[in-house]
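The sequence and structure follow.

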Amino acid sequence: MRNEESTVRRSLAALGAVVVLAAVQPPAQAAPDTGSWTSEAVAPGVQVRTGVLRDADAKPSWTVTVQGTGAAPLGDQAWADDTAGRLRDAGFAPRVEQVAWPAYADTPHGTMGWRVRVGSYGTSGEAQGAREKVAAAGFTAVAEWTGYDGQRPADRESVHVAVIDPARFTGTVAATHDLSVADRETTSSVAAKRHSLVAVNGGFFVTSDADGVQGTMAGIAAYDGELESMAAGSRAALVLADGGRHARIADLTSTVTARAGSSTYAVQGINRVPGKVRNCGRPGATPTELPRQDLTCSEPDDLVKFTPRFRAELPTGPGTQVVLDADGRVVATGPRGGTVPAGGSVLQGIGAASEWLTAHARQGERIALEEVVRDTSGRRVRLDADDSIVSAAPTLVKDGRIAIDAATEGTLDPKNLSFGYAWSNVRQPRTMAGLDAKGRLILATVDGRQPGVSEGFTLEEASRFMRSLGAVQALNLDGGGSTAMAVNGHLANVTSDATGERAVGDTVQVLP
């Protein structure tokens, strides 16, 4: 996004903001309308700021975009020129737009591709009518709002920013899945129950029965010091240690090993359906062991642990189940199903993992489970009772610099623009978390999918926005319809789902 750093800087300066903003040199623009900005001290050391970033020069409109090769939104220049020629022959007046790669750390530079568009319209109805005419001429096309383009400025973006200073704040900051990891609940309802000062939605989670148990996390998660979901490859995570007093952002991996006597077997999941790995990123997963956003991989030989926080009926199907007591001793073996006993745990295996359980799980004997979380430097992350982890993707800011590793963390495929283009490069509602140089936690949201009201951020804009707030480390949390911020238990932003605030997986709660 052009100029959002200067917009935020001037707007927050007008409020007497205490956040130390990073030194940036964005292009000059007219001073934004700061009259709509508000600032509220929710508690000592907790401040919430709300405002609208505006660009008076932005003139978005509705248009018709012809789909590129395959399902991709873009094509190469030869395709664009050919498509434009055929549109002209059909009586349309197309325009060809060159789209450049954003400032990612792990993708090519220069031209990403070319798109072909027809017309500029004042309403979505007019654009839909034009789209139907283009489709009738034999082209695959969609009606789009150009305010969602990352290549031109947005006219309006509604943002909420919470800054929590651990040097002054006497409460705690923690990730939570409330009572059950196998459930979904809105951010504001969890906040109201817990009397939170501020809350935002957390990481990625399962939203469809076809991909697993709804509400279970699709990435690493820990609450009250207990690992409740495993990492999807090496992805960004917010570690809230000591009740949030010592927070950091790092790419984390996780391993869990089951040991029965001298024999070991790798556990590849916690609290998920055996064989289904949402967002992939586990050894043995197909079609890829790498993280892959919104893709469910299969794991034919899968050993999964279930904890007492899985308060739902256990998955059923082929395989073997072993019930363990609080000391890890086998109390029952048999088919999959039932519930996790209070204080105990359950192992479910399919394929070779089922055979291992059958061979090594003996009544009264112990199966030890070793859980290890590490960052990319190899440093082990040890979890105590007041520690929590929430994870999503990708990294936005690292060591004070924009460092978006979208391809590495699986939110974009440079070789296949039909995967992740809109997720990464089109403006969307976003939830972001960061840390400034003084260790203050920044939680931020931007509303989106509201033409002319609030367009949202691309990943690149999200990184620049967080850096403008002074973040030296930042990551992207779950966004889209999940994006929500609650203040004093009440929803503060405008969510994008037509049905209202979305029930999500875990959340980050700032507790008095």
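## Helix α5 and its two sides

In this predicted model, Glu355 and Thr358 are exposed and sit on the face of α5 turned away from its buried side. The buried residues of the helix, which spans residues 352-360, are Ala353, Ser354, Trp356 and Leu357. These four lie on the same side of α5, because the arc they cover around the axis is only 160 degrees. Such a pattern accords with helical geometry: an α-helix has 3.6 residues a turn, so residues three or four places apart point the same way.

The cover over the buried residues of α5 includes strands β14, β15 (263-267), β19 (302-306), β20 (320-324) and β22 (345-350).

## Ala250 in strand β14

One of the strands covering α5 is β14, which runs over residues 246-260 and contains Ala250. The relative accessibility of Ala250 is 12%, and this residue therefore counts as buried, the cut-off being under 20%. Apart from residues up to four places away in sequence, Ala250 touches Arg235, Ala236, Ala237 and Asp375.

Beyond its neighbours within four places in sequence, Thr146 is in contact with Pro60, Ser61, Thr63, Arg117 and Arg152.

## The chain as a whole

The protein chain comprises seven helices and 33 strands. Its C-alpha atoms occupy a box of roughly 75 × 55 × 40 Å along the principal axes. The radius of gyration is 24 Å, which agrees with the value near 24 Å for a compact globule of 512 residues. Of the contacts between residues at least 6 apart in sequence, 70% join residues at least 24 apart.

Buried residues account for 58% of the 512 residues. The accessible surface of the chain is about 19700 Å², and carbon and sulfur atoms contribute 50% of that surface. As for charge, the chain carries 50 positive and 58 negative side chains, with the centres of the two sets 3 Å apart.

Methods
Residues numbered from 1 in each chain as written. Predicted model: local features only at pLDDT ≥ 70, side-chain atom pairs only at ≥ 80, totals over all residues. Heavy atoms only, no water. Rg over C-alpha atoms; globule rule 2.2 N^0.38 Å. Buried < 20%, exposed > 50% of the residue type's maximum accessible area, 1.4 Å probe, protein only. Contact = heavy atoms within 4.5 Å. Areas by Shrake-Rupley, 256 points an atom, 1.4 Å probe, with all protein chains shown as cover. Lys, Arg positive; Asp, Glu negative; His and termini not counted. Charge placed at Lys NZ, Arg CZ, Asp CG, Glu CD. Arc of directions from axis to C-beta.
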